[in-house]
Amino acid sequence: MNPTRKRRLTIVLLVIAAAAVAVGLTVFALQQNMNYLFTPSQVQSGEARSYKNFRLGGMVKAGSIQRSSDSLKVTFTVVDASGTMPVEYTGILPDLFRDNQSVIATGHMDNARFIATEVLAKHDETYMPKELKDAMAKAHAGKQVNEEAGQDKPL
C-alpha cells in the first residue's frame, strides 16, 4: 500500500472513531437526563427501583400538607387509584399547589419517602400531561371509582 492510501485510510479510520465516540457520549448524556414519570402505585410495585431520579405524578391527598414553621420544608402525600406516596420538598411551592390538585414532583426515593427537588402544579381544570393521563388511565384500568367513599372497587 502506498503512503498516500495509508494516510487516507488512517484519516478515515480516525474520523469514524471520533464519530463513534461522539455518538456514544451523546447517548450516555441523554440517558442521564431522562426523567421517567411514575404514579405512586407504580413506585410501590417497584417499577421505579432502577431509576435514581424520576418524576412522581398524582393528586395531593386532602389534609396531608404539613408545612414546617421554621423553614420552607413541606411534606404532603401524593395519591393515585391504588397507591400513596409521602413526599418531602424544601422550597417555594407553586401558587396553584393545594389539596386535591394534580402535581408532578421530580426527585428521588429515600427509603419509603420521595424527596422532591421540583414540584409542578396543574394550571387549570382541563390540563393534564399526557404521560400522567396515560399512567392514571393504566392505574384505573379495571376499576370503578366510588365517588362517595373515595375508594376504588374492582369491576
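Analyst: Exposed means over 50% relative accessible area, buried means under 20%, and partly exposed is in between (1.4 Å probe, protein chains only). This model is predicted, so local features need pLDDT of at least 70 and side-chain atom pairs pLDDT 80 or more, while totals for chains, interfaces and linings use all residues. Residues are numbered from 1 along each chain as its sequence is written, and side-chain values use heavy atoms, without hydrogens or water.

User: Is Asn100 buried or exposed?
Analyst: Asn100 sits in the loop between E5 and E6. Its phi is positive, about 55°, although Asn100 is not a glycine. Most residues other than glycine have a negative phi. With a relative accessible area of 51%, Asn100 is exposed.

User: What is the relative accessible area of Asn111?
Analyst: Asn111 is found in the loop between E6 and E7. Its phi is also positive, near 60°, in a residue other than glycine. Asn111 counts as exposed because its relative accessible area is 73%.

User: Which elements does the chain have, and in what pattern?
Analyst: Helices (H or I, at least four residues) and strands (E, at least two) are DSSP runs, numbered from the N terminus. The chain has three helices and nine strands. Read along the sequence, the pattern is α-β-α-β-β-β-β-β-β-α-β-β.

User: What percentage of the residues of the chain count as buried?
Analyst: Start with the surface. The accessible surface of the chain comes to about 10,600 Å² (Shrake-Rupley method, 1.4 Å probe). Carbon and sulfur atoms account for 55% of that surface. Of the 155 residues, the buried share is 31%.

User: Among contacts between residues at least 6 apart in sequence, what percentage join residues at least 24 apart?
Analyst: Contact means heavy atoms within 4.5 Å. Among the chain's contacts between residues at least 6 apart in sequence, the share that joins residues at least 24 apart is 50%.

User: With which residues is Ala112 in contact, leaving aside neighbours within four places in sequence?
Analyst: Ala112 lies in the loop between strand E6 (102-110) and strand E7 (113-121). It is exposed, at 56% relative accessible area. Ala112 is 27 residues from Met85 in sequence, and their C-alpha atoms are 7.8 Å apart. Beyond those neighbours, the contacts of Ala112 are Met85 and Pro86.

User: How many bridges join E4 to E5?
Analyst: Two strands pair if DSSP finds at least two bridges between them. E4 and E5 form a hairpin with four residues between them. Val74 stands opposite Tyr89 in E5. E4 and E5 run antiparallel, and the number of bridges joining them is seven.

User: Which residue in E7 is the bridge partner of Glu88?
Analyst: E5 and E7 run parallel, joined by three bridges. In E7, the partner of Glu88 is Ile115.

User: What angle lies between the planes of Phe54 and Phe114?
Analyst: A search of the whole structure finds five aromatic pairs. Rings of Phe, Tyr and Trp (its six-membered ring) pair if their centres lie within 6.5 Å; planes under 30 degrees apart are stacked, over 60 edge-to-face, and the rest tilted. Phe54 and Phe114 are 5.3 Å apart, centre to centre, and form a tilted pair with planes at 55°.

User: How many residues apart are Phe54 and Phe114?
Analyst: Both Phe54 and Phe114 are buried. Phe54 is in strand E2 (residues 54-60) and Phe114 is in strand E7. The pair links distant parts of the chain, and the separation in residues is 60.

User: Why does the pair of Phe76 and Phe97 have its name, and what is it?
Analyst: The ring centres of Phe76 and Phe97 are 4.8 Å apart, and the planes stand at 65°. Phe76 lies in strand E4 (residues 73-79) and Phe97 in the loop between strand E5 (84-90) and E6, so the pair ties together parts 21 residues apart in sequence. Phe76 is buried at 2% relative accessibility, and Phe97 is buried at 6%. Because of the 65° angle, the pair is edge-to-face.
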